[in-house]
Amino acid sequence: MDLSGNGISPQSCALVRALTDQGPVIMNQAQQPKPFPEDNSSVTRDEAEGARGLQRDLQERLQPEHDEPISDSGPHPEAPAGSGRMVRRLLKVGIGLAIVAVFGWLPLKAVLQTSSVEAVVNARIVTLRSPIDGTVSAKPQKSTQLSVVREGDTILHVVNARGDRARLDDLRRQMSRLENERPSLAAKLSAAETAQQDLARQAGQFRDGRILQLEARIAEIQTAIEAAAARREEAVAAVERASSLIKSGSVSTVEMARLTREQAISQQTEIGARRRLDAAKVELTAARNGTYLGDSYNDRPSSVQREEEMRQRVSDLRADLAHADAEIGWLTHEIAAEQLHYVNRAEADIKAPVGGRIWEMMTSPGEDVRAGQPLLKLLDCSGAVVTANVTESVYNGLKLGEQASFEPNDGSAALQGEIVNLTGASGAPANLAINPDALNKEPYRVTVSMPALDTTGKDCAVGRTGRVVFNADAAKS
């Protein structure tokens, strides 16, 4: 009997052969194992068929041969021998039932578990759109896995050769005009500063000469005062002598009047000289302070006035030059910003916001696209989930946050997760790579998060099939 085709290991097959080859054993119908129930929600078809085949083979081996006649001519065995054969037969029956129980437990366990009908690893889709109008070109990939991208990788490049650059050209023209005017302003400022220095030197020389002139005049006036004082003293002495001689009649009255008049004139002459001295000192003080007094000129000489006018012109030219420099600086900043803005309007890199795989390329290099047009769909492998469909009875016993495990069909280790979404019969796609409507065996759908599936790139397991086993206690509650 070959049991390996029913999913039984070779060691188990050998043990069953050794037991069944010992001879027929009569098996009571009450002792026959019942067939395993069919449950589409918990056990696979291969496992159920294997268990049923094992039952049929054991029944055929253990049932008695009804058509074989029983001979009465032979000697009757003794009672102890008959009881020994019965014990051996019961022992064989017990061993057979144990084998059936052991190898039937796995399918039976699967039947008793609360699980999904079918399940698939899924992930959300990120749609990348073109930010500008232009022509698409592909960026060379560093990795040999062309569909695998890392976060921040540039996938496509869009170029708009007809971008509007009118403002950028206008700013550049203004910059060119100011750069051409600035040397002229700088040359005018340099010439004005030189002229101001010359006028300042002339004004200084005039002030020094005027001070020397006033100092000489003051010295002259002081000499005139001394001379007037001497004449006054002489006139006073003459009047005194004449006064002593007039009594004796040596001096006439007329001479006395003349001498008295000369004394008064000398006194007034001295007073006038002293007043001129005071006026000269006032002029000297004003000249030293930069103010010139006199009847023949204004308070400022022409050289000083021209120097002040030139100083004002220098100040204006400096202000104009500073304004030109400030405007050049502003234009430099504006040109840089407008250049960046123009580049953003004329060129755009389409980068991956998350790590994952290219799920669908919706354009090709050389194609003209519009702003907002979808270019590609990216599989977000960093947040993989498992979508499953279950029966109505199982669905009604599930709750958000309950624990669940995903058992892949490839036989790999189960992965632990928790229920994050119960959509029921609505079948909302939720922007998933594989639409839950593709799971059509049962209408009730469940989404389970699987942290162990948070992988990127070529290790992304989206599309792998299996089943989800739910927490039995939680499902019953």
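In the protein chain, residues 24 or more positions apart account for 80% of the contacts with a separation of 6 or more, a contact being a pair of heavy atoms within 4.5 Å. The model is predicted, so that local features need pLDDT of at least 70 and side-chain atom pairs count only at pLDDT 80 or more, whereas totals for chains, interfaces and linings use all residues. Residues are numbered from 1 along each chain as its sequence is written, and side-chain values use heavy atoms, with hydrogens and water left out.

The protein chain holds eight helices and 12 strands, taken as DSSP runs numbered from the N terminus (helices are H or I with at least four residues, strands E with at least two). Of its 477 residues, 36% are buried, where buried means under 20% relative accessible area, exposed over 50% and partly exposed in between, with a 1.4 Å probe and protein chains only.

An open sheet is formed by four strands in the order E5-E4-E2-E7, with antiparallel pairing; two strands pair if DSSP finds at least two bridges between them. Strand E5 (347–351) and strand E7 (368–369) are the edge strands, each pairing on one side only. Helix H6 (residues 302–346) packs on this sheet, where it touches strand E4 (154–159) and E5, and its direction makes about 65° with that of E5; axes are lines fitted to C-alpha atoms, for helices over the stretch in contact, and angles run from 0 to 180 degrees between N-to-C directions. Strand E2 (residues 134–138) is joined to E7 by two bridges, and Thr135 has Asp368 in E7 as its bridge partner.

Thr363 lies in the loop between strand E6 (356–361) and E7. Thr363 counts as buried because its relative accessible area is 9%. Residues up to four places away in sequence aside, Thr363 touches Val136, Leu156, Val369 and Leu375. The side chain of Thr363 also makes a polar contact with the side chain of Glu367 at 2.7 Å, a polar contact being a pair of N or O atoms within 3.5 Å; within protein, one must be able to donate a hydrogen and the other to accept it, and residues adjacent in sequence count only if both atoms are side-chain atoms.

Helix H5 (residues 253–288) has 36 residues and should span 52 Å at 1.5 Å a residue, which agrees with the 53 Å between its end C-alpha atoms; the expected span is 1.5 Å times one less than the number of residues. The buried residues of H5 include Met256, Gln263, Glu270 and Leu277, and helix H4 (166–245) is included in what covers the buried residues of H5.
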